[in-house]
Each structure stands twice: as C-alpha cells, then as structure tokens.
Amino acid sequence: MARDIHLTLIGKPGCHLCDDAREVVQAVMAEFEKDASRNVALDEQSILDDEALRNRYAEEIPVLLIDGEVHDYWRVDPVRLKTAICAKA
C-alpha cells in the first residue's frame, strides 16, 4: 500500500523565492512519480487569501509543510526534501 505524503507550499503571487521553491518541490516530486510506495501531492496556499496564514508566515515565505509540519522556509533544499520524503515510508 502506498504512503500518501502531502506537501503544502505557502507563499504569495509575485514572490520570486516562492517561484524558486515551487520549482524545487516539483523537481523532487517528479523523482517520486514512479515510486509505488509513496504518493506525493502538492497543495499551494497564498498568504493573501488566508489571514491566519498571513499572520503566522508573512515573514517566512515561502514555507513548505510536509504532512502539516514545517519542513523549510525561505529556501527549499532539494536533497533535504528528498530525504524527508524517503523517511516517510
């Protein structure tokens, strides 16, 4: 049975660091596309659409959550992300 891993990228439109983080996350996710033991899904949320997110993360975007827990902020390290996903087996 595959393990579902939910990534959430919190940012805002026009944020170049958010764009960079998205690219890293999508590249790492692509490495897991054929891995039957993990289903990795990405959800993006904007701090402009959610006051609670804005109050909590406005100074840290982009923020990447793995299964609801903060994994990285400002910059997403691809090796660290891949390692974290592999550890979720």
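A nonpolar patch is made of residues with over 30% relative accessible area and no salt bridge, their nonpolar side chains joined within 5 Å. The model discussed here is predicted.

Q: What makes up the nonpolar patch on the surface?
A: Val70, Tyr73 and Trp74 form it. Together they have about 300 Å² of accessible area.

Q: Why is Tyr73 called partly exposed?
A: Its relative accessible area is 37%.

Q: Where is Tyr73 placed?
A: Tyr73 is in strand β4, which covers residues 69–73.

Q: How do you know whether Trp74 is buried, partly exposed or exposed?
A: Trp74 has 43% relative accessibility. Buried would need under 20%, and exposed over 50%. Trp74 is therefore partly exposed.

Q: How many aromatic pairs does a search of the whole structure find?
A: The search finds one. The pair is Tyr73 and Trp74.

Q: What makes the rings of Tyr73 and Trp74 a pair, and of which kind?
A: Their centres are 4.7 Å apart, and the limit is 6.5 Å. Their planes stand at 70 degrees. Planes over 60 degrees apart count as edge-to-face, so this pair is edge-to-face.

Q: Why is Cys15 called buried?
A: Its relative accessibility is 11%. Buried means under 20%, so Cys15 counts as buried.

Q: What makes Cys18 buried?
A: Cys18 has a relative accessible area of 3%. That is under 20%, so Cys18 is buried.

Q: How many disulfides does the structure hold?
A: It holds zero. A disulfide would need a pair of cysteine sulfur atoms within 2.5 Å.

Note on methods. Residues numbered from 1 in each chain as written. Predicted model: local features only at pLDDT ≥ 70, side-chain atom pairs only at ≥ 80, totals over all residues. Heavy atoms only, no water. Buried < 20%, exposed > 50% of the residue type's maximum accessible area, 1.4 Å probe, protein only. Phe/Tyr/Trp six-rings, centres within 6.5 Å; stacked < 30°, edge-to-face > 60°. Patch = residues over 30% accessible without salt bridge, like charges linked within 9 Å, V, L, I, M, F, W, Y side chains within 5 Å. Areas by Shrake-Rupley, 256 points an atom, 1.4 Å probe, with all protein chains shown as cover. Salt bridge = Lys/Arg side-chain N within 4 Å of Asp/Glu carboxyl O. Helix = DSSP H or I, 4+ residues; strand = E, 2+ residues; numbered from the N terminus.
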